[in-house]
Amino acid sequence: MSIPDCMQGRLSVPAIGAPLFIISNPDLVIAQCKAGVVGSFPALNARPAEVLEEWLIRINEELDAHNQVNPDYPAAPYAVNQIVHGSNDRLMHDVELCVKFKVPVVITSLGARPEVFDAIHSYGGICLHDVINNRFAHKAIEKGADGLICVAAGAGGHAGTLSPMAFIQEVREWFDGPILLSGAISTGDGILSAIAMGADLAYLGSAFIATKEANADPKYKRALVDYAAADIVYTNLFTGVHGNYLKPSIEAAGLNPDDLPESDPSKMQFGSGGSNKSKAWKDIWGCGQGINAIKSVVPTSDLVERLRNEYKQAQQRVLAA
């Protein structure tokens, strides 16, 4: 196991809440961290750019206050997701704020840049980079990432196509640092499965959309309760990058989910790109194939408690086998 030092003794279950575009906000992040999982949010969720500093101040203050009252059960650290893509003209502004506030974990996506990694390392922060195959994993580590988020088949939003078992095996063969697994994980059993395959931490997104703190349309949250894996469509139409989306939301936008055209990857614009700009993410709902495990909309603390109990029960079953 290679769990980062900043997370040692601070997790109730070995998991990170994935950064959810539009949806992740300070309320959700703080609730996740207090419950014992790493909470995260995309820097671009804080709009306009000046709001990011307000969010970082609030998150730091509230988690510090929690830790002072609960010294034996400190909150998990939080993470900020940076989109390292040419379309993100805020990148270095947002990275500078991460340096200013010494954000403990930075998650980088859609590009690996040494100057970003160097900036976070300057104060002792760590960088986790998400990848969809072994080739990109090698590049990220070569450029300075500390750990890898292996985004396998079935993950919500932007996702790869590799089997999690094959993906983790290939990466673990040469990399002994922190590895996270993303892809249809919504239960404690799934978290233990990720660990058994060789990951250090599980990476969960969709389950946290259906929480009371998440900044998601109530209809979106309800859809995660009502639908299952067969209702997910994998397409690059909406952003130029392939991802998984709820079929009913595509139909509601007047599109045929069984006959979607391909988008031009060179036109990618995070959060608004592709040939259907006005509908990406806001109206076309991203989610992973593990949504059948979502049975109701609950407070984040209740979700994490369920995951923790399921994880312990799964461990006991394995020991008894």
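**Overall build**

The protein has 11 helices and 11 strands; helices (H or I, at least four residues) and strands (E, at least two) are DSSP runs, numbered from the N terminus. The radius of gyration, taken over C-alpha atoms, is 18 Å, close to the 20 Å that the globule rule gives for 321 residues, so the protein is as compact as a globular protein of that length. That rule is 2.2 Å times the number of residues to the power 0.38.

This is a predicted model: local features need pLDDT of at least 70, side-chain atom pairs count only at pLDDT 80 or more, and totals for chains, interfaces and linings use all residues. Residues are numbered from 1 along each chain as its sequence is written, and side-chain values use heavy atoms, with hydrogens and water left out.

The C-alpha trace spans about 55 × 50 × 40 Å along its principal axes. Of the 321 residues, 54% are buried, meaning under 20% relative accessible area (1.4 Å probe, protein chains only).

**The H1 and H2 pair**

Now helix H1, residues 26-35, and helix H2, residues 51-69. Their axes come within 10 Å and cross at roughly 25°; axes are lines fitted to C-alpha atoms over the stretch in contact, with angles running from 0 to 180 degrees between N-to-C directions. H1 and H2 are therefore roughly parallel to each other, the term for angles under 35 degrees.

Which residues of H1 meet H2? They are Pro26, Asp27, Val29, Ile30, Cys33 and Lys34, and on the H2 side Trp55, Arg58, Ile59, Glu62, Leu63 and His66, with contact meaning heavy atoms within 4.5 Å.

Notes
Angles under 35 degrees count as roughly parallel, over 145 as roughly antiparallel, 65 to 115 as roughly perpendicular and the rest as oblique. Buried means under 20% relative accessible area, exposed over 50%, partly exposed in between (1.4 Å probe, protein chains only).
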